[in-house]
Amino acid sequence: MTIPTKLLARKVELHNLINKYNYLYYTTDNPEVSDSEYDRLFRELKQLEADHPALLTLDSPTQRVGGQVLDKFDQVTHAMSMLSLDNVFDDNEFLAFDQRVKDWLNTGDVQSYIAEPKLDGLAISLRYEKGLLVQAATRGDGSVGEDVTVNVRTISDIPLTLQGDVIPDVIEIRGEIFMPKAGFEALNQQQILEGKKSFVNPRNAAAGSLRQLDSKITASRPLEMICYGLGEIKGLAEMPETHSAAMAMVADLGCRISPELQAVSGVEACLVYIEQIGERRDNLPYDIDGVVFKVDNLQLQQRLGFVSRAPRWAIAHKFPAQQEITTVEDIEIQVGRTGALTPVARLKPVFVGGVTVSNATLHNQDEIDRKDVRVGDTVIVRRAGDVIPEVVQVVLSKRPEQAEPYRIPAQCPICDSLAERVEGEAVLRCTGGLYCPAQRKEAIKHFASRKAMDVDGLGDKIVEQLVDEGLIGDPADLFALTIAQLAALERMGDKSAENLVTALDAAKQTKFARFIYSLGIRGVGEATARSLAMDFLTLDLLKGADEAALIEIEDVGPVVAHNIVTFFNQDHNQHVVDRLLMAGLTWPLEEKMSADSALSGKIIVLTGTLEQLSRSEAKEKLLALGAKVAGSVSKKTDYVVVGRDAGSKLTKAEILGVTVVDETTLIEWIR
């Protein structure tokens, strides 16, 4: 039968693609496509060969395991081949696998399987002779692997000497070397700090770490191993009859096996196990991409045998891919409630991690530059659990010629205010805090908060309603609200509306430090606002100060000084401040703090319940005297003011020998 030219061409194309991706994945540890994309191509080739047997040739990727053996390592011929596993992707395919097992065994009996998570790492075979580790080899092409013994010896949970009373003369223990999620994150952070390329995923980090010519590098990486099978065994008087017994023996010899290993009987129990592991997938300390099932009875395994590259007695039920490949159609900027400008990749929709993803965070300009993400790029996208999807890697070989490097704009896309990068931060932030629509809810909530204008009854939900209804756009609009407008809000009656209007009117009489703090200037907290109020005394003097003058103030560094100047230089911010003053906000003139105040510069801690003052009132009065009010006791603390029911702070003060005073002394200080 003549094979159509189109099918022959597709067969050659699939051979070339799969061989290329095998090389990149197994040999260079630098994958160019997601696992799911590779699986699709592989399944297409298998189906093509099944439909047209004449297309099946000995050089087909379906007839081999893994990739090429690296020249830099000595080669090891496996005494028993290290086979790969066939995959199924849904429950129906697993049921079909179970039925094939029964058909091959010519039985209708319920089958017993051993189940465990499918680790996403690097397959390894450990050879022990007389209990000593003499060789460690990678899977390689299934028949020949790489000798990585020196590097494997550096992995702490791999025993160099087996333990127990019954040790075979020769035993090959097989398993997966992997990198835990926490170790992977820490390693990538270190790589970035050192200006090195980060790893795409824990699997490639593990493979790259194991294949080092310098074993010291391997030793520095957080590698672990879990064992899942056996190869050659010699000199064992009584061989185990089941896979579960074999794994128990491996554990007795001192090797680590999966804590999730479980015997299951029948397909219903298998499906329950799949569901349970799937639910816990994101909480496991290591990456998995599915569940492996093996016929437990070893005699039945021998009867079932294997075909080409995989055993008939085992299957991998793959979970939905956490990585996929797609294209970047655009890059847009989102402005967060704190003014952070976050670049977001608009993607060609792709199903990944169990949902359809069309957006992925690019974090900041540094990340865009490091990964070199451009509009039009083909990218690998990752989504695990509830984690926000992110671009993991660009497939450079598929980059369009016209793709240009991307730069985050210097202006906020919402309000056109200047966007600046604060020293020590990776993100750009919009400077139009009081004015920017993206930040207005948080700006108003902060303005009305207890430590700022202290508007009684103006909670977060009311602020959100007011903004959503279009009744306010900035803090100045609060003072134009009417009882009728407020009463119309959800869960707000006439009396509550009247009380809120009264509270807003009362809040107009404030203090200069509170007003400064209420503006939400980045980096200006309560203490800094107090210092600014005491040194500049009036708003006009503060607005006219340059950075050099501001830096002279205690608690004000170069970054905060720059933020203050930038804030008051923005016309829209000045417009909101002017409207607040026009609404009637006022405060008494501050008296400049005396430099010779007895408490000037002293560090004071308040603890317990005060009888005559609230904690906030006491703090404010102490700040007015030039003191610094701290939240915890240390050797630098000068005084601890103790009220009723004082606790651990009093105990610590006594241990450190810090001077302890009562509320009477506090009142004397204030007077």
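Colleague: At what N to O distance do the side chains of Glu367 and Arg370 meet in a salt bridge?
Modeller: The model is predicted, and every value here is computed from it. Glu367 and Arg370 are 3 residues apart in helix α11 (residues 365-371), so about one helical turn separates them. Their side chains meet in a salt bridge with an N to O distance of 2.9 Å.

Colleague: Is Glu367 buried or exposed?
Modeller: Buried means under 20% relative accessible area. Arg370, with 32%, is partly exposed. Glu367 has a relative accessible area of 16%, so Glu367 counts as buried.

Colleague: How many salt bridges does the count come to?
Modeller: Side chains of opposite charge can pair when their charged atoms come close. The rule takes a side-chain nitrogen of Lys or Arg within 4 Å of a carboxyl oxygen of Asp or Glu. By this rule the count comes to 40.

Colleague: Which strands stand at the edges of the open sheet?
Modeller: The sheet has 4 strands, paired antiparallel in the order β5-β4-β7-β8. An edge strand has a single partner, so one side of it is left without a neighbour in the sheet. The edge strands are β5 and β8 (224-234).

Colleague: How many bridges join β4 to β7?
Modeller: Strand β4 (residues 122-129) is mostly covered, with 7 of its 8 residues buried. Towards β7, Ala123 stands opposite Glu176, and Ile124 has Gly175 as its bridge partner. Strand β7 (residues 170-178) runs antiparallel to β4, and the bridges that join them number 8.

Colleague: Which residue takes a positive phi in the hairpin of β4 and β5?
Modeller: Strand β5 (residues 132-138) is antiparallel to β4 and is joined to β4 by 6 bridges. Glu129 stands opposite Leu132 in β5. The hairpin has 2 residues between the strands, and the residue with a phi near 55 degrees is Lys130.

Colleague: At about what angle does helix α8 run to β8?
Modeller: Helix α8 covers residues 243-252. This helix lies across β7 and β8. Its angle to β8 is about 110 degrees.

Colleague: With which side chain does the side chain of Lys445 make a polar contact?
Modeller: Lys445 is placed in helix α12 (residues 440-448), and at 15% relative accessibility Lys445 counts as buried. Leaving aside neighbours within four places in sequence, Lys445 is in contact with Asp460, Val463 and Glu464. The polar contact, at 2.7 Å, is with the side chain of Glu464.

Key: Residues numbered from 1 in each chain as written. Predicted model: local features only at pLDDT ≥ 70, side-chain atom pairs only at ≥ 80, totals over all residues. Heavy atoms only, no water. Buried < 20%, exposed > 50% of the residue type's maximum accessible area, 1.4 Å probe, protein only. Polar contact = N/O pair within 3.5 Å; in protein donor to acceptor, adjacent residues only side chain to side chain. Contact = heavy atoms within 4.5 Å. Pairing = 2+ DSSP bridges. Axes fitted to C-alpha atoms, helices over the stretch in contact; angles between N-to-C directions.
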